[in-house]
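Here are a few friendly notes to read beside the model. Take them one at a time, with the structure open next to you.

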Amino acid sequence: ISTDTEPLVISVRSDGSTFIEEKAINIDELGDKVRGIRLANPKLPVYVRGDRAADYGFVIRVMAALQRSGVDRVGLITELPE
């Protein structure tokens with residue numbers, strides 16, 4: 001992984017909404033969109049950021065969609081507790 005490549009960040013909010021960077025996306029469209037982005041940059045790192053109150057099962061659905069789209073490694077962005 002190149003250190004000068006900004007990762008692709010998928011965010012999951014507590015209300016179940018999903019975003020690629022800051023753009024809202026339906027989970028059913030997530031895999032196709034990420035596949036297209038990664039075709040241009042196959043080594044692009046992908047991270048998932050979930051709100052603290054986000055449903056864990058929904059985060060897993062997002063990660064499964066990413067895996068089906070060909071992302072073999074997904075990082076998690078976490079915040080340290082205060």
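This is a predicted model: local features need pLDDT of at least 70, side-chain atom pairs count only at pLDDT 80 or more; totals for chains, interfaces and linings use all residues.

1. K43 counts as exposed because its relative accessibility is 65%, and exposed means over 50%. You will find K43 in the loop between α1 (27–40) and β4. K43 and V71 are 28 residues apart in sequence, while their C-alpha atoms are 9.3 Å apart in space.

2. Next, have a look at α1. At 1.5 Å a residue, its 14 residues should span 20 Å, and the distance of 21 Å between its end C-alpha atoms agrees with that.

3. Which residues of α1 are buried? They are I27, L30, G31, V34 and R38. These residues lie on the same side of α1, because they cover an arc of only 90° around the axis. The cover over them includes β1 (8–12), β2 (18–20), β3 (23–25), β4 and α2. On the face of α1 turned away from this buried side sit the exposed residues D28, D32, L39 and A40.

4. Finally, please visit the largest pocket, with a volume of about 380 Å³. It is lined by 14 residues, and R49, G50, D51, R52 and I77 are the closest to its centre. At least two lining residues come from each of β4 (46–50), α2 (56–68) and β5 (74–77), and α2 gives the largest share, four residues. Sorted by class, the lining of this pocket has eight nonpolar, four charged and two polar residues.

Terms used. Residues are numbered from 1 along each chain as its sequence is written. Side-chain values use heavy atoms; hydrogens and water are left out. On a 1 Å grid over the protein atoms alone, a cavity is a set of points where a 1.4 Å probe fits but cannot get out, and a pocket is an open set with protein on both sides within 12 Å along at least five of seven lines; lining residues have an atom within 4 Å of a point. Grid points are joined across faces, edges and corners, and a volume is the space filled by probe spheres set on the points. Ala, Val, Leu, Ile, Met, Phe, Trp, Tyr, Cys and Pro count as nonpolar, Asp, Glu, Lys and Arg as charged, and the others, Gly among them, as polar. Buried means under 20% relative accessible area, exposed over 50%, partly exposed in between (1.4 Å probe, protein chains only). The expected span of a helix is 1.5 Å times one less than its number of residues. The arc is that of the directions from the helix axis to the C-beta atoms. Contact means heavy atoms within 4.5 Å.
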